[in-house]
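Here are some notes to read alongside the structure. Please keep the model open as you go through the points.

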Amino acid sequence: AANLDPEALRKEEAQRAAAAIEKRSADVRAYYDSFFSQQVREGLQALASERPADPQGALAKVFQGKKSLGEIGKDPKTSDSALKSAAPRHYLNSAIAPSLVPALEQCFREQPRRPISELGDILGGK
């Protein structure tokens with residue numbers, strides 16, 4: 001039996017794990033870019049500029065086709081002074097990321113036929 005160096009085995013295993021993570025990451029990115037990229041970006045831009053009181057509900061309705069991006073501006077605004085004055089990225093990380101990220105993960109796992117509508121349904125609590 002060959003005398004295998006434990007350090008070399010660890011390095012080889014780490015390289016295999018890194019390659020598997022890279023592949024999975026590329027698969028997720030390709031799926032996201034194919035089905036969500038533009039609509040999600042436009043939705044997040046509308047939320048960041050309008051700051052509705054219910055950003056999750058507003059985004060859900062846009063993705064479900066029940067509201068246009070422009071109609072988000074007619075929604076009641078957030079009364080949270082920290083969210084009103086936050087930088088756009090901070091606002092989005094606080095207001096919508098905690099619900100959007102798991103919803104996107106669910107869509108990737110399930111790969112529905114109508115991903116944007118499904119994302120809207122998940123965000124809307126269906």
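1. A contact here means heavy atoms within 4.5 Å. Helices (H or I, at least four residues) are DSSP runs, numbered from the N terminus. This is a predicted model, in which local features need pLDDT of at least 70, side-chain atom pairs count only at pLDDT 80 or more, and totals for chains, interfaces and linings use all residues. Residues are numbered from 1 along each chain as its sequence is written, and side-chain values use heavy atoms, with hydrogens and water left out.

2. After α3 comes glycine 65, with a positive phi near 80°.

3. Next, how do α1 and α2 cross? The axes of α1 (residues 6-35) and α2 come within 4 Å and cross at roughly 70°; axes are lines fitted to C-alpha atoms, for helices over the stretch in contact, and angles run from 0 to 180 degrees between N-to-C directions. The two helices are therefore roughly perpendicular (65 to 115 degrees). On the α1 side, Tyr32, Asp33 and Phe35 meet Ser37, Gln39 and Val40 of α2.

4. Now the pockets. A pocket is an open set of points on a 1 Å grid over the protein atoms alone, where a 1.4 Å probe fits, with protein on both sides within 12 Å along at least five of seven lines; lining residues have an atom within 4 Å of a point. A volume is the space filled by probe spheres set on the points, which are joined across faces, edges and corners. The largest pocket has a volume of about 260 Å³. Its lining includes Tyr31, Tyr32, Glu105 and Phe108, and the elements that give two or more residues to this lining are α1 and α6. The largest share, five residues, comes from α1.

5. What is the volume of the second largest pocket? The value is about 210 Å³. Leu44, Arg89, Asn93 and Leu100 are among the residues that line this second pocket, and α5 and α6 are the elements that give two or more residues to the lining. Here the largest share, four residues, comes from α6.

Note on methods:
Angles under 35 degrees count as roughly parallel, over 145 as roughly antiparallel, 65 to 115 as roughly perpendicular and the rest as oblique.
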